[in-house]
Amino acid sequence: MFRRLLAAVAVSLLLIGLSSCRSDPTVAAYVGDDEITLDQIDRYYAKATSDPVSAAEVQQDPASVKPKLVSMLVFIELLRDAAETAGVPVTAGQIAQAKAQIEPQRQQLTGELALLPIDVLAEFQAHRVLLSQWASAGNVDQQTAGQKYTEALRASERANPVTVNPRFGTFDLEKAPQMGNADIAVKPAPTAADQS
């Protein structure tokens, strides 16, 4: 009798442990309580392979595309949280404005950013710009602003632990786009005032 009770308790604890280990095979990554699903990654991959802007990136190294998408989506979740925590949440209007600035120059995108659908890219850009502006507020120098930006992202990662499905490697915040990195930044389209 005692052994059956002990076995039942052991099985219950094992099931509780398995359910909390964040290993759902339909999830590509967890960011805190949020999930990035395999379906999302598959949809974005399909778009990337059929999109002329990203097709070249996919053809160069098809095996790296899904892990890159997972990393970018994890980064966007952390960026969103960092911006909200800093008190600069992005509005739908700001995302629409970023999209309008990106669309005319989308053909020039390369690397990981070219893999993202335009709506996701616009959200990334809007969050990145607002968090960068927040970090630069108060006439601080570029180095101080960069440290503030990076620390906000690190705090977001601490508050929202990242677990990536082993199929997609690992997430490294240090390899994510940094504030003001010209190689990854989508440059705003020039306005009429800029051209005069």
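Student: Which residues of the largest nonpolar core touch the most other members?

Tutor: A nonpolar core is a set of buried residues joined through side-chain atoms. In this predicted model, the largest one has 47 residues, and Phe75 and Leu116 touch the most other members.

Student: Which element gives the most to this core?

Tutor: α4 does, with 11 residues. Elements that each supply at least two residues include β1 (27-31), α2 (38-50), α7 (118-136) and α8 (142-159).

Student: What is Leu116 in contact with, leaving aside its neighbours within four places in sequence?

Tutor: Contact means heavy atoms within 4.5 Å. Leu116 is in contact with Leu69, Met72, Leu73, Ile76, Arg106 and Leu121.

Student: Which residues of α8 are buried?

Tutor: Buried means under 20% relative accessible area. In α8 that covers Ala145, Gly146, Tyr149, Thr150, Ala152, Leu153 and Ser156. Seen down the helix axis, they fall within an arc of 150°, so they line one face of α8. They pack against α4 and α7.

Student: What does the face turned away from the buried side carry?

Tutor: There α8 carries the exposed residues Gln143, Arg158 and Ala159.

Student: What does Asp141 reach at the start of α8?

Tutor: A side-chain oxygen of Asp141 comes within 3.0 Å of the backbone nitrogen of Gln143.

Student: And the chain overall: how many helices and strands?

Tutor: The protein chain has 9 helices and 3 strands. Buried residues make up 39% of its 196 residues.

Methods
Residues are numbered from 1 along each chain as its sequence is written. This is a predicted model: local features need pLDDT of at least 70, side-chain atom pairs count only at pLDDT 80 or more; totals for chains, interfaces and linings use all residues. Side-chain values use heavy atoms; hydrogens and water are left out. A nonpolar core is a set of buried Ala, Val, Leu, Ile, Met, Phe, Trp, Tyr and Cys residues joined through side-chain atoms within 4.5 Å. Buried means under 20% relative accessible area, exposed over 50%, partly exposed in between (1.4 Å probe, protein chains only). Helices (H or I, at least four residues) and strands (E, at least two) are DSSP runs, numbered from the N terminus. The arc is that of the directions from the helix axis to the C-beta atoms. A polar contact is a pair of N or O atoms within 3.5 Å; within protein, one must be able to donate a hydrogen and the other to accept it, and residues adjacent in sequence count only if both atoms are side-chain atoms.
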